[in-house]
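Me: I'd like a close look at one part of this model, please. Take me through it residue by residue where you can, and then show me how it sits in the rest of the chain.

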Amino acid sequence: MSHPPYRSLGPTSSVPPDPYLVAWAELKKHRIRRWIAFFVWAPLAGFVFSASEKLVGHPLGRGEFFAVSLPFVVAAVLFLVRASNFRCPQCGNRFEAQRMVSYPLTRRCLNCGIRIGTPKNTVASDAP
Ligand SMILES: [Zn+2]
């Protein structure tokens, strides 16, 4: 009675999801958002710039262009920061960064070496 069946979503409902797999899914989500922000922003800014010339009748001034594009820049930076601040589920350090070095395309944690997609109970050994 006091426990609504929130988790009855399948045969594995009694097993909680692997926390590492949940984390990897999170990282994937952050990365996709980051690439979208990265690749969409520039064409979008170009579009806004050229469309405004037709809409307003004159090219945007620097200040106007800044004001229009600021929300997109902020969103893009937020996505970038969130993705790069992703914490490795195994060692708790930043997954894509070690000290001052950052490598956003890495498939392994730069600090402990665990690969993306490794479940928690698979002990990361030195075997390839
Ligand atoms: Zn790690």
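Reply: Let's start with F65, which is partly exposed because 15 other C-beta atoms lie within 10 Å of its own. The scale behind that label runs like this: 20 or more other C-beta atoms within 10 Å makes a residue buried, 12 or fewer makes it exposed, and anything in between is partly exposed, with the C-beta atoms placed from the backbone. F65 lies in helix 2, which covers residues 62-84. Helices here are DSSP runs of H or I with at least four residues, strands are runs of E with at least two, and both are numbered from the N terminus.

Before going further, a word on what you're looking at. This is a predicted model, so local features need pLDDT of at least 70 and side-chain atom pairs count only at pLDDT 80 or more, while totals for chains, interfaces and linings use all residues. Residues are numbered from 1 along each chain as its sequence is written.

Back to F65. Setting aside residues up to four places away in sequence, F65 touches F49 and L60; touching, or being in contact, means that the two C-beta atoms, placed from the backbone, lie within 7 Å. F49 is 16 residues from F65 in sequence, and their C-alpha atoms are 7.0 Å apart in space.

Move along helix 2 and you come to S69. There's a kink of about 45° at S69, shortly before the proline P71. The bend is the angle between two axes, one fitted to the seven residues ending at that position and one to the seven starting there. S69 is partly exposed, because it has 17 other C-beta atoms within 10 Å. Leaving out neighbours within four places in sequence, S69 is in contact with A45 and V48. Its C-alpha also lies 8.8 Å from that of L44, 25 residues away along the chain.

What about the buried side of helix 2? The buried residues there are A76, F79 and A83, and they pack against helix 1.

That partner, helix 1, takes in residues 19-56, 38 residues in total, and spans 52 Å from first C-alpha to last, close to the 56 Å expected at 1.5 Å a residue. The expected figure is 1.5 Å times one less than the number of residues. Helix 1 has a kink too, of about 35° at W41, shortly before the proline P43. Just after helix 1, G57 takes a positive phi of about 95°.

N85 is exposed, because it has 12 other C-beta atoms within 10 Å. Although N85 and L27 are 58 residues apart in sequence, their C-alpha atoms are 9.8 Å apart in space.

Further on is R99, in the loop between strand 1 and strand 2 (101-102). R99 counts as exposed because it has 8 C-beta neighbours inside 10 Å. R99 isn't a glycine, yet its phi is positive, at about 50°. Most residues other than glycine have a negative phi.

Now for the whole chain. It has two helices and two strands, in the order α-α-β-β along the sequence. Of its 128 residues, 9% count as buried. Of the contacts between residues at least 6 apart in sequence, 44% join residues at least 24 apart.

Finally, confidence. The mean pLDDT, the predictor's confidence in each residue from 0 to 100, is 82 for the chain, and 85% of the residues reach 70 or more.
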